Amino acid sequence: MTATTEKFVQTLVSPDLTTLHLKDILKTLPRQCFEKNRRKAWTSVVISLCAALVGYIGIIALPWYCLPLTWIWTGTALTGWFVIGHDCGHRSFAQRRWVNDLVGHFFMMPLIYPFHSWRILHNQHHAHTNKLEFDNAWEPWTESDYQAKPWLVRVFYRAIRGRLWWIGSIAHWGLMHFKLDNFQARDQGKVKLSIAVVLLFAAIAFPLLLITTGPWGFVKFWLMPWLVYHFWMSTFTIVHHTIPEIHFKTPQDWHEVEAQLAGTVHCTYPRWVEFLCHDINVHVPHHLSVAIPSYNLRLAHESLTTHWGSAIKTRQFSWELMDTISRQCHLYDPDKGYRPFK
């Protein structure tokens, strides 16, 4: 550790984050946090493949009344598939770009998630975390924007900001990732490729599933696990960036360290969920550097807690937490961060 880093650690017990740069925080992390490990990366692939296989065997072999449990397991395992694609999108899975692209497309394809569409929009979220008018993940509307929307749009916004938060990622998936206007011309070729991949998969897999298992088989084997996957996607992402203490900022008031270190949440979930989802809940270090692979997130978080613990927000997943978010964090308030609809 350098003398400069030691000075930060020793003097900034409750630091003014706006005086720091990301490099000041990253200097305090162990170097191994950024090292790619081929064995660990491909072990995560094996874990996710085996977990999904176990889930589908359970759907086939267990009695009908076990279906809710097998759906929950399988959907959670498929969330792990997305996390592998997530690492690929950040180029933290493999050294070679073509490997990241190939693996990313493979694991996002059954979820009908266009890999490059997600990768590009998600990188925008990382560059502008909690910045009004720029962040594309759970950005709260201002009251004037909300009132200006058609009534049906307002109803939908109230729903996904309230008790139906768990379908929020479905809306984000459908409204954002298939529209070419959301991407610059230089990126549209790759976006078209990813959209073609998922549409081709759906055109082959869905009719085949319907022919061989019928409409109930489509619901049982694909739709219900897919909905569980979106439950976790919605829950992870809304908790990462939406609690009463976290405030979105206007561009002129936004600061990168404040947003990336203190503007994201470390939330603890049941260990089996964290295992199947490859520790994506360990979110603060990921926002400081997308180069940290998922299997190194815990090591990075331990270091951040030691050096910058006073700035890190932590939560325990519970229905009480989700009730708080769905009751209080609705519209942007310049003073309090959020205000409820009522």
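This briefing describes aromatic pairs, charges over rings and salt bridges in one structure.

The model is predicted, so local features are reported only where pLDDT is at least 70 and side-chain atom pairs count only at pLDDT 80 or more, while totals for chains, interfaces and linings use all residues. Residues are numbered from 1 along each chain as its sequence is written, and side-chain values use heavy atoms, with hydrogens and water left out. The structure holds 30 aromatic pairs, and a search of the whole structure finds ten salt bridges.

**Aromatic pairs**

- A pair of aromatic rings is described by the distance of the centres and the angle of the planes.
- Rings of Phe, Tyr and Trp (its six-membered ring) pair if their centres lie within 6.5 Å, and planes under 30 degrees apart count as stacked, over 60 as edge-to-face and the rest as tilted.
- Of the 30 aromatic pairs in the structure, one is formed by Trp73 and Trp272, which are stacked at 6.1 Å centre to centre with 10 degrees between the planes.
- Because Trp73 lies in helix α4 (residues 67–89) and Trp272 in helix α12 (residues 271–276), this pair ties together parts that are 199 residues apart in sequence; helices here are DSSP runs (H or I, at least four residues), numbered from the N terminus.
- Trp73 is partly exposed, with a relative accessible area of 31%, and Trp272 is partly exposed as well, at 37%; buried means under 20% relative accessible area, exposed over 50%, and partly exposed in between, with a 1.4 Å probe and protein chains only.
- Phe82 and Tyr113 form a tilted aromatic pair, with 5.3 Å centre to centre and 55 degrees between the planes.
- Phe82 lies in helix α4 and Tyr113 in the loop between α5 (97–108) and α6 (115–127), so this pair ties together parts that are 31 residues apart in sequence.
- Phe82 is buried, with a relative accessible area of 4%, and Tyr113 is buried too, with a value of 2%.
- A cluster linked by ring pairs contains Trp165, Phe231, Trp232, Phe236, Tyr269, Phe317 and Trp319.

**Charges over rings**

- A charge sits over a ring if NZ of Lys or CZ of Arg is within 6 Å of the ring centre and within 35 degrees of the ring normal.
- Lys131 lies over the face of Phe134, 5.2 Å from the ring centre, and the charged end of Lys149 sits over the ring of Trp141, 5.1 Å from its centre.

**Salt bridges**

- A salt bridge is a side-chain nitrogen of Lys or Arg within 4 Å of a carboxyl oxygen of Asp or Glu.
- Arg327 forms a salt bridge with Asp323, their closest N and O atoms being 2.7 Å apart, and both residues lie in helix α15 (residues 319–328), four residues apart, about one turn of the helix.
- Arg327 is partly exposed at 38% relative accessible area, and Asp323 is partly exposed at 24%.
- Salt bridges that share partners join Arg271, Glu274, Asp279 and Arg298 into one network.
- Within helix α12, Arg271 and Glu274 lie three residues apart, about one turn of the helix, and the closest N and O atoms of their salt bridge are 3.3 Å apart.
- Arg271 is partly exposed, with a relative accessible area of 47%, whereas Glu274 is buried, at 5%.
- Glu274 also meets the side chain of Arg298 in a salt bridge of 2.6 Å, N to O.
- Since Arg298 lies in helix α14 (residues 297–308) and Glu274 in helix α12, the pair ties together parts that are 24 residues apart in sequence.

How values were computed
Helix = DSSP H or I, 4+ residues; strand = E, 2+ residues; numbered from the N terminus.
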